[in-house]
Amino acid sequence: MTQPDILVRPDILMRNVTAITVDPERRVIDRAWIAVAGDRISAIGGDGDAEPVGARDIIDGTGMVAMPGLIDSHSHAGHGLVRNAGAGLDSWFDACEEIYARGSTPAFWRAEARMTQLERLRGGITTGMTLLGGGADIYRTDDPIYGDAHCGATAESGLRTFMAVGPGRTPFPKNYRQFSETGQARDVSVGFERQLEVSEILIDRWNDLLGRGTGVCLVMPVYYAAQVADADARRQVVEMGEAIMDLRRRKGVLFTQDGHRDGSIALARDLGVLGEFALLGHSVDLTEDDFAALKETGASIIHNPSAIMSVYGRCPVPELIEAGITVCLGSDAAAPDRGYDMFRHMAQCMHYHRRHFRDPAYLPPGKTIEMATIDAARALGLENELGSLETGKKADIVLVDMRKPHLYPPVMPVTRIAHFANAADVDTVIVNGKVLMRGRKTDHLDADDILADAAEQAALAFERVGLTHLLEEPQEFWRLARQPLPG
């Protein structure tokens, strides 16, 4: 990181902000100023500190909180155009599988990424980890063109995104449907080797998170004990893990998994796929062996408090933190019942665990903000670059307009941010030293065009697989429950 130098002429000077720094001292600086030179924070000061002069752009942050850009550590590409489909969870998963494998085109993945990045930008998310598919372990790695479409949209948005790519679940081969530019369809059969080859191609093309903003990491389906009880099945999974870990080591990339629970983390350790490079999604109903595996390997946990899996089981976040395990926050968006509003997920996180312990003291507001900033940066191996407002770090900064009835009176800014703020309160977003949104205007992105494209590509995808009926809202959504209440 660069050294602080008050004499450096800044490109941007933010003034009169309340800075929630999330720095090692967890300072909250009233009437602060923040100077940005190039792509980094060049200086931070408070009332009485001399401001640098000659800034090209001065931003008056009166009434605003400045905080590090939010980090969403787990989400799914594709889901944004499927999130409103289906009358139930099973039909929604079926729609994901059909559309991702047999109904999507590069235009689909590009349209979804453009819409998602716009939603993230407007909500103050500056960095995210996104699986290229999912739902039913359907990752679109039969050809690089789908990942190219996603990463191209990320680069245009100016945000940072780790795109997670890898093979689907055994057995192989996997069947995909590809479409020509004229709409002609052809079915292809893809083996594990091809999916790994495509993943390597995408890493070589796009892995530049701190530059272009397009990072790439690897993903592998979660396996449970019953699925590898057979010796031959276990051998196949072990060989898969060895090949993925070999590629990970050669390229120096991260690794993530989606859906751990009830002993699967200990199994992942035994399969040889855990280490400080690993981020493990959901992770509910963990066992003592799971805790031991996490402490032994240094893997991090991604908590998704708004996800359906957190209804089926509980991620023991306070216990994990007490054990010294890094826990970060993810949206698991988009999906049938959640989006990318990380403020909403912070509030959900606090209420989720306080209800479990029946104690409102659990997970204080400051810790929850850490989970979406510095703790997430640590899990990504980027705590020296992202996750806090410190001199020399990347200038990923969000200004939240606190001059709102639901954010008043103007006291206790940390509590107000964690409990009461929402995505619509974000006023200004700076990433890599560039102003991407100011006054909620995103001049480099045409919102009308993005939304029209998203609607068109979603409709085409559902039509290709004959699932347009899933877009009709069922009458049962007006009922209290599927079954009468007892008594």
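Gly241 is buried, because its relative accessible area is 1%, where buried stands for under 20% relative accessible area, exposed for over 50% and partly exposed for values in between, with a 1.4 Å probe and protein chains only. The model is a predicted one, in which local features need pLDDT of at least 70, side-chain atom pairs count only at pLDDT 80 or more, and totals for chains, interfaces and linings use all residues. Residues are numbered from 1 along each chain as its sequence is written, and side-chain values use heavy atoms, with hydrogens and water left out.

Gly241 belongs to helix α5 (residues 231-251); helices (H or I, at least four residues) and strands (E, at least two) are DSSP runs, numbered from the N terminus. Leaving aside residues up to four places away in sequence, Gly241 touches Met220 and Val273, where contact means heavy atoms within 4.5 Å.

## Arg338 in a loop

Arg338 is found in the loop between β16 (327-329) and α10 (342-357), and with 9% relative accessibility Arg338 counts as buried. Its side chain is joined to that of Asp337 by a polar contact of 2.4 Å, a term for a pair of N or O atoms within 3.5 Å, of which, within protein, one must be able to donate a hydrogen and the other to accept it, while residues adjacent in sequence count only if both atoms are side-chain atoms. Not counting residues up to four places away in sequence, the residues that Arg338 touches include Arg83, Ser306 and His345.

## How α10 meets α13

Helix α10 packs against helix α13 (residues 413-420) at an angle of about 90°, and their axes are 6 Å apart; axes are lines fitted to C-alpha atoms, for helices over the stretch in contact, and angles run from 0 to 180 degrees between N-to-C directions. The two helices, α10 and α13, are therefore roughly perpendicular to each other, since angles of 65 to 115 degrees count as roughly perpendicular, under 35 as roughly parallel, over 145 as roughly antiparallel and the rest as oblique.

On the α10 side the contact is made by Phe343, Met346, Ala347, Met350 and Arg354, and on the α13 side by Ile417, Ala418 and His419.

Strand β1 (residues 12-20) and strand β2 (residues 28-37) run antiparallel and are joined by 6 bridges, and two strands pair if DSSP finds at least two bridges between them. Ile20 has Val28 in β2 as its bridge partner.
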